[in-house]
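Biologist: I am new to this structure. Please pick one part and take me through it closely.

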Amino acid sequence: MAELLSADAVTKALADLVGWERDGDSIVRTAELPSFPAAIAVVSRVGEDAEERDHHPDIDIRWRTLTFRLSTHSEGGLTQKDIDLAREINSRISAA
């Protein structure tokens, strides 16, 4: 069971997460990739990362634009799991 982060902890974490912003009980990032195949490759890698962590983002795919939304639904808000996966998503986007 993951512990919910305080509002201050979320704000501090977001300061180090390029492109992410808070939206209620979630954090969200939209990224535009160079091509549709590049976007799908990022989604595939994030999917593998999510399976390893047993923590899955909501992903919206619009051609080469991806929107990731993270929240720990079982806890009703944001936990360290979300912050950790957001960092990994950032690295996958940067690598593309």
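Modeller: Take T30: its bridge partner in β4 is T67. This is a predicted model, where local features need pLDDT of at least 70 and side-chain atom pairs count only at pLDDT 80 or more, while totals for chains, interfaces and linings use all residues. Residues are numbered from 1 along each chain as its sequence is written, and side-chain values use heavy atoms, leaving out hydrogens and water.

Strand β2 (residues 26-32) is joined to strand β4 (residues 65-70) by six bridges, and the two run antiparallel. Strands are DSSP runs of E with at least two residues, helices are runs of H or I with at least four, and both are numbered from the N terminus. Two strands pair if DSSP finds at least two bridges between them.

β4 also pairs with β3, again antiparallel, over five bridges. Here I59 has F68 of β4 as its bridge partner. Two residues lie between the strands of the β3 and β4 hairpin, where W63 takes a positive phi near 55 degrees.

Now the whole sheet. It is open, with four strands in the order β1-β2-β4-β3 and antiparallel pairing. β1 (21-23) and β3 (58-62) are the edge strands, each pairing on one side only. Neighbouring strands are turned against each other by 25 degrees on average, direction ignored. For such angles, axes are lines fitted to C-alpha atoms, for helices over the stretch in contact, and values run from 0 to 180 degrees between N-to-C directions.

The structure holds seven salt bridges, each a side-chain nitrogen of Lys or Arg within 4 Å of a carboxyl oxygen of Asp or Glu. One of them joins E32 and R64, with the closest N and O atoms 2.7 Å apart. E32 lies in β2 and R64 in the loop between β3 and β4, so this pair ties together parts 32 residues apart in sequence. Side chains of opposite charge can pair when their charged atoms come close.
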